[in-house]
Amino acid sequence: MTKRRKTVTVKVGSVKIGSAAPVAIQSMTKTPTVDISRCVKQVNQLVRAGCRLVRIAVPTRADTAAFAKIVQKVTIPLIADIHFSPQRAIESIEAGAAKIRLNPGNIKNRKDIHRIIDAAKMHKTAIRIGVNEASIRDLKIKDVPPSRRTALMLREMKKYVRLFENRNFTQLVLSAKSSDTSRTIEVNRRIARSFNYPIHLGLTHAGLPEDAQIPSAITLGTLLAEGIGDTIRVSAAGNPIIETKIAKQILIALGLYKRTEPELIVCPTCARAGIDVIKLARKVKKALAGIDKPLRIAVMGCIVNGPGEATDADIAVCAAKNKAYIYRNARKIATVPENKIIPTLLKELKSL
Ligand code: SF4
């Protein structure tokens, strides 16, 4: 189990953020906010997929009005994503946002930031200070070297944190994002050394899901393995349920998420395989869908290495030519022809 970096606890509605609480997965809705029923539906899908916080963009007055209604219809705390408008920030806070995400660099007037802080204090709304590399003016100069970039992002973060603390506001979550893996890791390490506020992690603009998952896993996984990160979001262009599934896999791999569904282990196959392992694994995966027990099921292509590699599995299928040996907790319980593998597995699953 990864040892988390110690932070203060920030309350985001009913969800606690910080080292005393589990790492929370969040995502964003991708439906128009004004389309309340689709937005609510997507929030509910995200909750079922494992999200504990959902962020919603509110670029217009109509969006904050819709946000107020969405808050009433869902069971989890919602975060309003603010870009340039102080008015949207205040409307969202008044609409019931549990947290707002704000890049203070995008709000030029100091008095406006003070108004937002005062509204957040009054409504007990948390604020995430989100510093994005792309929005720092000094970083738009192309030849700023990588080391200077993280220093400038940290400088911005320190400036904003001071601004909030000077107004006695400490319900803060910090985030610094870049689309560059190394810089995102580096800047978050520096933020972790400088503050004890919870950190939200993400690799921004990571690409299509198939391109986003490995860089996101490396970036978030590296930081989480060092104990850094209290909420995470995988940013991928596409269905947010996929973002959530990738985020969940990252946390599971690090022992930071309690699995509730079966885990399928499959051997990579080689010339020893006595069966079409991939076809069998796909069938087993289908058979496991809908089972909500944290079981470990193994599909192995042979009995040379299969039984040994699957010792930890609750049930293991180790194939031989046109048949398979079924193991339960490393003990052989049956030898079945190929067409009986799935029915036997399902029977065993029911008894677990
Ligand atoms: S379990 Fe057997 S078939 Fe699968 S990769 Fe290992 S040796 Fe090859």
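**View A. From strand β7, Ala126, Arg128, Gly130 and Asn132 point one way and Ile127, Ile129 and Val131 the other way, all of them buried.** The model is predicted: local features require pLDDT of at least 70 and side-chain atom pairs count only at pLDDT 80 or more, whereas totals for chains, interfaces and linings use all residues. Residues are numbered from 1 along each chain as its sequence is written. A residue is called buried if 20 or more other C-beta atoms lie within 10 Å of its own, exposed if 12 or fewer do, and partly exposed in between, with C-beta atoms placed from the backbone. Helices (H or I, at least four residues) and strands (E, at least two) are DSSP runs, numbered from the N terminus. Strand β7 covers residues 126-132, and because seven of its seven residues are buried, it is largely enclosed by the rest of the structure.

**View B. Strand β7 has parallel partners in β6 and β8.** Two strands are said to pair if DSSP finds at least two bridges between them. Strand β6 (residues 99-102) pairs with β7 over four bridges, and Ile127 of β7 is the bridge partner of Ile100. Strand β8 (residues 172-177) pairs with β7 over six bridges, with Leu172 of β8 as the bridge partner of Ile127. A crossover is right-handed if, with the strands pointing away from the viewer, the path from the first strand over the helix to the second runs clockwise.

**View C. Strand β6 and its pairing with β5.** Lys99 and Arg101 point one way from β6, Ile100 and Leu102 point the other way, and all are buried. Three bridges join β5 and β6 in the parallel sense. Asp81 stands opposite Arg101 in β6. The chain passes from β5 through α3 to β6 in a right-handed β-α-β crossover.

**View D. Helix α3 is mostly covered.** This helix spans residues 86-95, and eight of its ten residues are buried. The buried residues are Pro86, Arg88, Ala89, Ile90, Glu91, Ser92, Ile93 and Ala95. They pack against α2 (61-73), β5 (78-81), β6 and α4; two residues are in contact if their C-beta atoms, placed from the backbone, lie within 7 Å. Gly96 follows α3 and has a positive phi near 110 degrees.

**View E. The open sheet has eight strands.** Its order is β8-β7-β6-β5-β4-β3-β10-β9, with parallel pairing. The edge strands are β8 and β9 (200-201), each of which pairs on one side only. Within the sheet, strand β3 (residues 24-28) and strand β10 (residues 231-232) pair in the parallel sense over two bridges. Thr231 of β10 is the bridge partner of Ala24.

**View F. Lys124 and Ala330 have positive phi values.** Most residues other than glycine have a negative phi, and most peptide bonds are trans. Lys124, which is not a glycine, has a phi of about 55 degrees and is found in the loop between α4 and β7. It counts as exposed because it has 11 C-beta neighbours inside 10 Å. Ala330 has a phi near 70 degrees and is found in the loop between β14 (323-328) and β15 (331-337). With 13 C-beta neighbours inside 10 Å, Ala330 counts as partly exposed.

**View H. The protein chain is divided into domain 1 (10-253) and domain 2 (263-351).** These bounds come from an automatic or database domain assignment. The domain centres, taken over C-alpha atoms, are separated by 41 Å. The protein chain contains eleven helices and 15 strands, and its C-alpha trace spans about 75 × 45 × 35 Å along its principal axes. Of its 352 residues, 41% count as buried. Among contacts in the protein chain with a separation of 6 or more, 62% involve residues 24 or more positions apart.
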